[in-house]
Amino acid sequence: MPEQEPVPTRKDVDPDPGRDRLRGALTRPSRRQAVVAVLLAVLGFAVVVQVRDTQANDTYAGLRESELIQVLDGLTGTAERARREVERLESRRDELRDESTRRSAALDEAEQRVRTLNIIAGLVPVTGPGVRVTITESTTRVSVGSLLDTVQELRTAGAEAMEMNDSIRLGADSSFEDAIGGIELDDQVLEPPYVLEVIGDAPNLRTALTFSSGPVETLQTLDGATVRIEELEKIEIMSVREPTRPDYAEFSADQ
């Protein structure tokens, strides 16, 4: 008896070919299907924009001519007020900028004056070019008067800062007195040799000491001392003076 061929069941037959094609188009679209999809998206976007623009234009569509003129006048007035406000704010901005510039310039000038006064008063360490004067005694002592003349000549020549024996900063109120074994400068005893370091224009300072009958000649001839002057590109003065409060002098009322 011959063997019968198997009869295909309903499960083996494709139930819905259209559904399979739709699934294939969504998951693996062809180039033509992709182009069609993009064109449909662009068309949809254009329709939405047109609808919104039409709605905006319809806002004024029902207005009469007089009402449109009022709306236009209102918009013109608003724009004018906005323009004036912008001009006012720009003018205020410029005023504040100028005021800030003036304040900054005044502050810089004040700070510079404070720095200068601190240097002159000997309140801060300083550095700069100048001279080092070494005064060495021989058989006789150096007089206080000769040292005072030396300091005064240096001040006149433009000395901006002076220091004695690497320890005492000279100021406008510094005082010299004779002392046992040396001199007393601002209540401190110093022993020779006396080393005076001075910041200023070195050639001018040297000239102020070496002119005829000047401090160097006096120290050598009358005091029997040896004087050595070195011009240096950099002198560091680290000692400072303590600020003192005046007892009587005050700021003028006009200042």
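D186 counts as buried because its relative accessibility is 19%; buried means under 20% relative accessible area, exposed over 50%, and partly exposed in between, with a 1.4 Å probe and protein chains only. The model is predicted, so local features need pLDDT of at least 70 and side-chain atom pairs count only at pLDDT 80 or more, while totals for chains, interfaces and linings use all residues. Residues are numbered from 1 along each chain as its sequence is written, and side-chain values use heavy atoms, with hydrogens and water left out.

D186 sits in the loop between strand 5 (182-185) and strand 6 (188-190). Helices (H or I, at least four residues) and strands (E, at least two) are DSSP runs, numbered from the N terminus. The side chains of D186 and R241 are joined by a polar contact of 2.8 Å. Such a contact is a pair of N or O atoms within 3.5 Å; within protein, one must be able to donate a hydrogen and the other to accept it, and residues adjacent in sequence count only if both atoms are side-chain atoms. Leaving aside residues up to four places away in sequence, D186 touches I168, R169, D173, S174, S175 and R241. Contact means heavy atoms within 4.5 Å.

The protein has six helices and eight strands. From the N terminus, their order is α-α-α-β-α-β-β-β-β-β-β-α-α-β. Of its 255 residues, 22% count as buried. Among contacts between residues at least 6 apart in sequence, 72% join residues at least 24 apart.

Two strands pair if DSSP finds at least two bridges between them. Strand 5 and strand 6 are antiparallel and share three bridges. I183 has L190 of strand 6 as its bridge partner. Axes are lines fitted to C-alpha atoms, for helices over the stretch in contact, and angles run from 0 to 180 degrees between N-to-C directions.

A second open sheet has five strands in the order 3-2-7-1-8, again with antiparallel pairing. Its edges are strand 3 (168-169) and strand 8 (226-237), each pairing on one side only. Strand 1 (residues 126-136) and strand 7 (residues 194-199) pair over six bridges. T134 is bridged to V195 in strand 7. Helix 4 (residues 144-156) lies across strand 1, strand 2 (161-164) and strand 7, at about 10° to strand 7.

The largest nonpolar core has 28 residues, and F176 and L196 have the most contacts inside it. A nonpolar core is a set of buried Ala, Val, Leu, Ile, Met, Phe, Trp, Tyr and Cys residues joined through side-chain atoms within 4.5 Å. Helix 4 gives the most to this core, with four residues.

Helix 3 (residues 65-121) has 57 residues. From first C-alpha to last, helix 3 reaches 83 Å, close to the expected 84 Å; the expected span is 1.5 Å times one less than the number of residues. Just after helix 3, G122 takes a positive phi of about 75°.
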